[in-house]
Amino acid sequence: MTWYLVLVCVLVAISSNALASDPSPLQDFCVADPTAPVMVNGFACKDAKLAQATDFFFSGLHLPGNTSNPVGSKVTPVNVVQIPGLNTLGISLARVDYAPWGVNPPHTHPRATEILTVIEGTLEVGFVTSNPENRLITKVLQKGDVFVFPVNLVHYQKNVGTGNAVAIAALSSQNPGVITVANAVFGSKPAIANDLLAKSFQTDTKTIDLIQSKF
């Protein structure tokens, strides 16, 4: 009886993991149709007979992004929005440009692991492990170096060189999503109460108000 219960528990665990993962494609491709009236988890497919080469194509990743902004970086995404043919394929790209000392601020991708390759320049990169350790794992990367950011963990990049830097990121989802920590906490709409944030960050409400005003 004991072995039977153990076997049942193992089968339940395996089944749960299988159900929790993304399903394998059941057809050659599923070009996203954002105008479809059907609501699904992701995008509905358009008729495969109507697929065109342009559904699987993007041009412009060679162009530098405009880093003239407060953080000094620009992300150019290439996901299912830009390439509808990526729908259900579980992969996407992004180009990241950094001005000298520019940063890609702490953020997470709720649906993807990221692998980043430095194309030009020198980047300090890092991610923080989950509670309670909150351990920072960081490294300085040079041209040609590769670094992995595990799914859903807070991570960042900073240009520590004297010139511009460029990186290409591959992500394990056609729609990885992004949550920039500062924007989410201080720029939510409606705003999170300043007294709650003041207590959370162990500061005063005037400081919180000042930070929120920047978002």
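Which side chain meets that of Asp55 in a salt bridge? The partner is Lys46, at 2.9 Å from N to O. Here a salt bridge means a side-chain nitrogen of Lys or Arg within 4 Å of a carboxyl oxygen of Asp or Glu.

Before going on, keep in mind that this is a predicted model, where local features need pLDDT of at least 70, side-chain atom pairs count only at pLDDT 80 or more, and totals for chains, interfaces and linings use all residues. Residues are numbered from 1 along each chain as its sequence is written, and side-chain values use heavy atoms, with hydrogens and water left out.

**The big picture**

- The protein has four helices and ten strands; both are DSSP runs numbered from the N terminus, with helices being H or I of at least four residues and strands being E of at least two.
- Out of 215 residues, 30% count as buried. Buried means under 20% relative accessible area, exposed means over 50%, and partly exposed is in between (1.4 Å probe, protein chains only).
- Take the contacts between residues at least 6 apart in sequence: 67% of them join residues at least 24 apart. A contact means heavy atoms within 4.5 Å.

**An open sheet of five strands**

- Five strands line up in the order β6-β5-β8-β3-β10 as an open sheet, with antiparallel pairing. Two strands pair if DSSP finds at least two bridges between them.
- β6 (136–141) and β10 (179–180) sit at the edges with a single partner strand each, so one side of each has no neighbour in the sheet.
- Strand β5 (residues 123–128) pairs with β6 over six bridges, and Gly126 stands opposite Thr138 in β6.
- β5 also runs antiparallel to strand β8 (residues 155–159), joined by five bridges. Val125 faces Gln157 of β8 across that pairing.
- Strand β3 (residues 103–108) is joined to β10 by two bridges, with His107 partnered by Thr180.

**Strand β2 and its neighbours**

- Strand β2 (residues 92–98) is mostly covered, with six of its seven residues buried.
- Six bridges connect β2 with strand β1 (residues 73–78), and the two run antiparallel. In this pairing, Val78 stands opposite Leu93.
- β2 also pairs in the antiparallel sense with strand β9 (residues 165–171), this time over seven bridges. Val96 has Ala167 of β9 as its bridge partner.

**The disulfide**

- There is one disulfide in the structure, joining Cys30 to Cys45 with 1.7 Å from S to S. The term covers a pair of cysteine sulfur atoms within 2.5 Å.
- Both cysteines lie in the loop between α1 (2–20) and β1, so the pair ties together parts that are 15 residues apart in sequence.
- The link is left-handed, with -100° about the S-S bond.
- Cys30 is buried at 4% relative accessible area, while Cys45 is partly exposed at 37%.
- Leaving out residues up to four places away in sequence, Cys45 touches Gln27, Cys30, Val31 and Asp33. The C-alpha atoms of Cys45 and Val31 are 5.3 Å apart, though 14 residues separate the two along the chain.

**Salt bridges**

- Side chains of opposite charge can pair when their charged atoms come close. The whole structure has three salt bridges.
- Back to the opening pair: Asp55 is buried at 8% relative accessibility, whereas Lys46 is partly exposed at 25%.
- Arg95 bridges to Asp97, with the closest N and O atoms 2.8 Å apart. Both Arg95 and Asp97 are buried.
- Lys143 meets Glu120 at 3.6 Å, N to O. This pair links distant parts of the chain, as Lys143 is in the loop between β6 and β7 (146–149) and Glu120 is in strand β4, 23 residues apart.
- Lys143 is exposed at 55% relative accessibility, and Glu120 is partly exposed at 39%.

**A nonpolar patch**

- Ile115, Val146 and Val148 make a nonpolar surface patch of about 220 Å². Patches use residues with over 30% relative accessible area and no salt bridge, joining like charges within 9 Å and nonpolar side chains (Val, Leu, Ile, Met, Phe, Trp, Tyr) within 5 Å.
- Ile115 belongs to strand β4 (residues 114–120) and is partly exposed, at 38% relative accessible area.

Terms used
Areas by Shrake-Rupley, 256 points an atom, 1.4 Å probe, with all protein chains shown as cover.
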